[in-house]
Amino acid sequence: MADKEKTSSSRRMRVIDQDEGFNFAAYEADWQKFWNERRVKESERETAERRGSRKKFYALSMFPYPSGVLHFGHALPYTIIDSLARYKRMKGFDVLCPMGWDAFGLPAENAAIEAVRRGEKDVHPKTNTLANIAHMRGQMDKFGYSFDWEREVFTCKPDYYKWTQWIFLKMLDKGLAYRKKARVNWCPSCKTVLANEQVETIVKDHDEFQGCFRCGSKVEPKEIDAWFLRITDYADRLLDGLKQVEKDWSELVVTQQRNWIGRSEGVNIDFEVELRQGASGSGPLVPPNAAESKPVEHARLTVFTTRADTVFGVTYVAIAPEHPLVNRILELVDSRTHKRIADFVEETLSMTEMDRASGDEKEGVATGMYAVNPLNGEKVPLFVANYVLMYGTGAVMAVPAHDERDHEFAREYRLPIKAVIEPPADKRQTDSGRIVDVKRKAFCDYGILRDSGKYNGQQSEAAIKAIAADLKASGKGGPVVNYKLRDWGISRQRYWGCPIPVIHCEKCGIVPVPENQLPVLLPDDVDFLPTGQSPLTLHPDFQKTKCPRCGNTSARRDTDTMDTFVDSSWYWYRYTDAKNDKAIFDKEKAKHWCPVDLYVGGREHAILHLIYARFYTKFLHDLGLVDHDEPFTRMFTHGLIQGEAIKIVNEQMSRYVTAEQLEKLIAEGKAKPEDVTRRVEKMSKSKFNGADPTALVQQYGADTVRLCVLFMGPAEQDSVWDPQGILGTHRFVKRWHETILSSAPLVENLPDMDESCRMNPAAKALRHAAHMLIEKATQEYEGRYAFNTVIAKCMELVNDIRAFITAEKLEGVVKGAQDSSLASRWTLNEAFSILNRALAPIAPHTAEEANKALGGKGSIFDQPWPKADPAALVLDEVELPVQVNGKVRGTIRVPRESDAKALEAAALANEGVKKMMEGKTVKKLIAVPGKIVNVVVG
RNA sequence: GCGGACGUGGCGGAAUUGGCAGACGCGCAAGACUUAGGAUCUUGUACCGCAAGGUGUGUGGGUUCAAGUCCCACCGUCCGCACCA
């Protein structure tokens with residue numbers, strides 16, 4: 001009987017033919033036009049009115065580099081930020097959700113260079129970039145993103161980079177921008193300098209090396225004059241600031257930032273080096289006695305250590321090849337030692353710092369000089385060693401017994417190993433049960449001091465403090481803090497970037513371009529083919545200028561451009577006042593909108609961009625331009641969407657194929673399953689593992705794609721693109737749309753009613769489901785951001801609604817006040833309304849369409865976010881599981897308020913439970929009201 | 001080597017506070033409607049078993065009336081850092 005009913009109703013549900021009735025392309029375009037016109041009108045009455053009493057919400061996603069096409073790496077964050085912006089608007093917030101372009105940078109320049117080499121004419125990075133932007137803007141519009149385009153910023157346009165230059169001048173003024181000769185990382189392929197942060201470890205053909213983050217070429221060291229920003233001055237503030245944000249940023253980002261700053265507390269210890277004429281590093285390492293050779297001079301050598309407690313175990317001292325003392329030593333040593341040191345230094349310095357670090361052999365050269373340990377007066381040999389970096393003081397006291405690196409070096413060069421830390425009782429033995437022996441392996445944990453004079457018997461921690469204090473008292477060192485963070489090199493010898501606004505004058509030196517002459521325009525007519533020097537040096541006029549200070553006409557402009565990370569270190573402030581041509585931004589406007597409430601972006605920027613952005617914020621704060629110290633209250637890092645690449649390798653072929661090609665090849669016997677490897681990799685055309693979001697929008701509609709990227713899994717997690725998966729969300733959008741359109745007549749012209757109307761149990765259940773959805777959706781949009789689970793709940797509600805319509809036999813229009821189905825219709829209407837609003841942030845077009853179909857006027861975004869009725873959230877009766885010895889054996893239906901006693905009685909009366917209890921006695925009864933009953937029998 | 005995250009059906013994933021594991025979706029199977037179906041609808045779908053029932057959240061142990069969730073040890077995958085003294 002029930003089956004008959006279902007069949008007839010499912011037929012009725014099919015009233016709307018899918019192909020003709022579901023024209024998502026048309027309605028999506030209509031609504032986009034509608035929103036667009038509205039937004040423009042709204043922005044006209046901007047500011048004062050808008051900034052009224054409503055609370056603000058600044059929703060920001062990292063602006064893209066205009067690479068030319070929108071890909072999945074963009075679709076996810078923009079869908080997240082747009083959905084949350086729309087949600088917040090429904091919650092009554094005044095929302096700022098802008099978009100712009102990180103438009104300077106190498107790819108555009110490289111593309112132009114390639115084009116020139118191919119012989120194309122009229123190619124220019126600017127043309128590429130602007131064309132790419134126009135194209136990507138069109139693609140974004142098709143997604144229905146509600147960005148504030150009136151505030152669009154382009155980092156490559158003079159009205160923006162004028163202020164990038166302005167900040168630079170302020171830094172120069174405060175001594176935070178400076179020029180120095182530096183050994184830099186040079187990418188021979190991009191022909192430019194890379195910041196330390198832009199160099200990464202690359203593994204290729206089992207070879208590990210330090211490479212360019214962009215093109216993967218092996219980086220080389222190069223000495224060059226370059227501009228640096230003194231970010232290290234802000235190290236402590238950058239570290240402290242993390243405490244403010246750590247609970248609302250992903251833990252990973254915070255730890256990475258912390259590690260990058262790399263604060264370490266230690267002790268500086270001054271050793272006195274006896275420099276002797278004609279010293280020799282060959283032969284036995286025995287300090288000469290005073291009679292043999294007098295030192296020509298004494299030099300102070302400061303070492304940095306975190307383990308001052310081991311200072312009595314020092315058996316040699318080592319300095320970095322870059323250490324300033326090396327030159328003086330070279331002047332004094334005998335010719336053989338001179339050659340050995342000089343060769344060694346040259347060889348080591350020809351490697352990049354990072355290659356040197358990844359080399360596995362520790363090497364060094366004895367200098368023939370000796371250093372005096374200030375605590376025990378011992379003389380120990382001084383080495384130049386490749387494993388010592390110019391970190392801290394560039395010199396270390398070596399304690400082979402208690403430091404692995406020193407241990408390795410000491411064994412290599414047969415240097416003494418002297419134990420001065422006794423392991424605590426529980427660490428006397430190694431994991432394999434052997435007694436700890438420092439001859440075999442360094443013991444690096446804390447312990448108790450021995451053979452350390454007056455510090456004998458102290459714990460390491462206490463000894464470190466005591467020794468530091470004593471050193472300070474005697475003027476031979478003291479506690480000190482070091483950082484791994486280095487100053488930020490921003491000079492780039494490339495064309496497509498922001499010019500550095502300074503002038504070099506023979507008489508006055510470095511002279512800032514006066515503020516009223518900003519911006520220093522980047523000329524268009526430049527030969528940008530890479531030569532290794534800045535393309536701007538080749539421009540006929542760019543350099544020529546007058547010194548603003550002395551008027552000297554042979555002064556010339558700086559020809560380097562800035563690292564593009566500079567451009568993006570302050571852009572979110574410009575959005576708050578994007579068209580201001582008098583100032584970088586209006587302080588009041590920035591104060592109103594900032595800090596950013598939610599910043600969405602990829603993990604790849606966890607260190608670089610975020611640390612620079614935070615640095616700039618602190619600087620703007622110090623200038624008095626912003627009142628906060630941290631720019632992004634909450635940072636949400638989304639995952640990467642990758643694709644599964646299928647590769648076939650056998651005698652006939654070695655190539656990537658699509659899933660269809662694979663099927664065909666296997667069917668034809670041209671490939672065997674064992675020839676196939678599947679790997680999840682970054683989407684790429686050549687690997688056939690990508691998907692073009694714009695093509696998908698065309699095929700399935702924006703709402704489908706938006707839902708799809710969020711439904712794939714938790715947004716912060718990486719996921720693998722499944723071409724089938726989109727069908728699921730597409731079906732859902734259709735079902736939702738169709739259900740509402742075909743059922744709208746059921747709820748037309750409903751008389752006024754409220755939740756007090758008499759609902760049958762099915763209606764109460766539906767109402768419960770709808771209001772639970774409000775709770776769920778609110779929670780997720782408010783901050784948990786597990787959008788996949790909201791979508792799942794919405795799908796459930798659609799299923800519930802359809803089942804409800806069928807079960808209640810709701811048909812036709814409202815038959816007046818006597819209609820017995822009024823309460824059910826009212827419930828249905830409310831469920832529709834809740835469903836549409838819950839989905840509106842993610843699938844706005846269909847939500848608008850559904851709202852209109854139900855007679856809604858204007859936009860669904862004018863409606864308030866729904867509020868759950870507490871009464872609807874609880875059911876009169878609940879179904880509880882009953883366990884016997886921890887296994888579910890039945891369920892009981894009981895009134896919601898039932899206490900433990902009632903639950904126990906109901907549980908024991910349950911048939912399934914009784915059956916399992918036969919012949920056994922009840923040992924214990926646990927009844928948790930609202931949760932579960934467990935009967936323990938034995 | 002150090003640090004972090006993760007491990008649940010054929011697949012993506014859910015289970016937010018220790019309380020019915022597998023929501024929702026994909027895929028698959030059967031059926032309905034169809035000239036047709038990558039459309040739509042219905043039903044089923046963790047595994048073993050005809051069934052009763054048993055087993056089950058990487059492995060092994062533990063705590064608990066009750067463990068995907070808490071504790072201990074191990075295995076595996078991914079990511080980050082990597083001579084920072």
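**Note on salt bridges and a buried histidine**

1. Counting a salt bridge wherever a side-chain nitrogen of Lys or Arg lies within 4 Å of a carboxyl oxygen of Asp or Glu, the total comes to 53 salt bridges. The model is predicted, with local features needing pLDDT of at least 70 and side-chain atom pairs counting only at pLDDT 80 or more, while totals for chains, interfaces and linings use all residues. Residues are numbered from 1 along each chain as its sequence is written, and side-chain values use heavy atoms, with hydrogens and water left out.

2. E297 pairs with R328 in a salt bridge whose closest N and O atoms are 2.6 Å apart; E297 belongs to strand β11 (residues 297–305) and R328 to helix α11 (residues 325–332), 31 residues apart. Helices (H or I, at least four residues) and strands (E, at least two) are DSSP runs, numbered from the N terminus.

3. E630 and R614 also form a salt bridge, at 2.9 Å between the closest N and O atoms. Both E630, at 4% relative accessible area, and R614, at 0%, are buried (under 20% relative accessible area, with exposed over 50% and partly exposed in between; 1.4 Å probe, protein chains only). The two residues are part of a salt-bridge network that links R237, R614, K618, D622, D629 and E630.

4. H402, in the loop between β15 (395–398) and α14 (404–412), is buried at 4% relative accessible area. The H402 side chain reaches the backbone nitrogen of V420 at 3.0 Å and the backbone nitrogen of I421 at 3.1 Å.

Methods:
Chains lettered and ligands numbered in written order. Polar contact = N/O pair within 3.5 Å; in protein donor to acceptor, adjacent residues only side chain to side chain.
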